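Please read them with the structure open.

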Amino acid sequence: MSSKKSLLSKLLSKLLPTNFTIRELDSLMGKCGCNKFSGGRGSGVGYVHDVTKRILQFDEPHPGKELYRYQIKMVIKFLEEIGEIDI
């Protein structure tokens, strides 16, 4: 399993990564104090931050498991809001 630091480094590379998977996101969010939940329509997935109760939610990518660019941007913004990264 990758470390929080290496997952953040991959997520924040100069060019948005095209190979950041939902599994890596699950791991990163867990290390940032978030719990995953299913919600919304069939493929909806979300994360709630334990301390701030902020929520990140979107449709899980399919058929592949790599996040789309707009999802990467949402994740980065969310991590900024909960104080996990400074940009």
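1. A salt bridge here is a side-chain nitrogen of Lys or Arg within 4 Å of a carboxyl oxygen of Asp or Glu. By this rule the count comes to 6 salt bridges. The model is predicted, and the points below should be read with that in mind.

2. Lysine 4 and glutamate 84 form one of these salt bridges, with 2.6 Å from N to O. Lysine 4 belongs to helix α1 (residues 4-11), while glutamate 84 sits in the segment after α3 (69-81), so the contact ties together parts that are 80 residues apart in sequence. As for accessibility, lysine 4 is partly exposed at 29% relative accessible area, and glutamate 84 is also partly exposed, at 23%. Buried would require a value under 20%.

3. A salt bridge also joins aspartate 26 and lysine 36, whose closest N and O atoms are 3.0 Å apart. Here a helix meets a strand: aspartate 26 is in α2 (residues 22-31) and lysine 36 in β1 (residues 34-38), so the pair ties together parts that are 10 residues apart in sequence. Aspartate 26 has a relative accessible area of 28% and is partly exposed. Lysine 36, with 43% relative accessibility, counts as partly exposed too.

4. Glutamate 81 is partly exposed, its relative accessible area being 37%.

5. Arg54, Lys77 and Glu81 are linked in a network of salt bridges.

6. On the aromatic side, the structure holds 1 aromatic pair. Tyrosine 68 and tyrosine 70 make up this pair, with ring centres 6.2 Å apart and 5 degrees between the planes. Planes under 30 degrees apart count as stacked, and the tyrosine 68 and tyrosine 70 rings are therefore placed in that class.

7. To count as exposed, a residue needs over 50%.

Definitions and conventions:
Residues are numbered from 1 along each chain as its sequence is written. This is a predicted model: local features need pLDDT of at least 70, side-chain atom pairs count only at pLDDT 80 or more; totals for chains, interfaces and linings use all residues. Side-chain values use heavy atoms; hydrogens and water are left out. Rings of Phe, Tyr and Trp (its six-membered ring) pair if their centres lie within 6.5 Å; planes under 30 degrees apart count as stacked, over 60 as edge-to-face and the rest as tilted. Helices (H or I, at least four residues) and strands (E, at least two) are DSSP runs, numbered from the N terminus. Buried means under 20% relative accessible area, exposed over 50%, partly exposed in between (1.4 Å probe, protein chains only).
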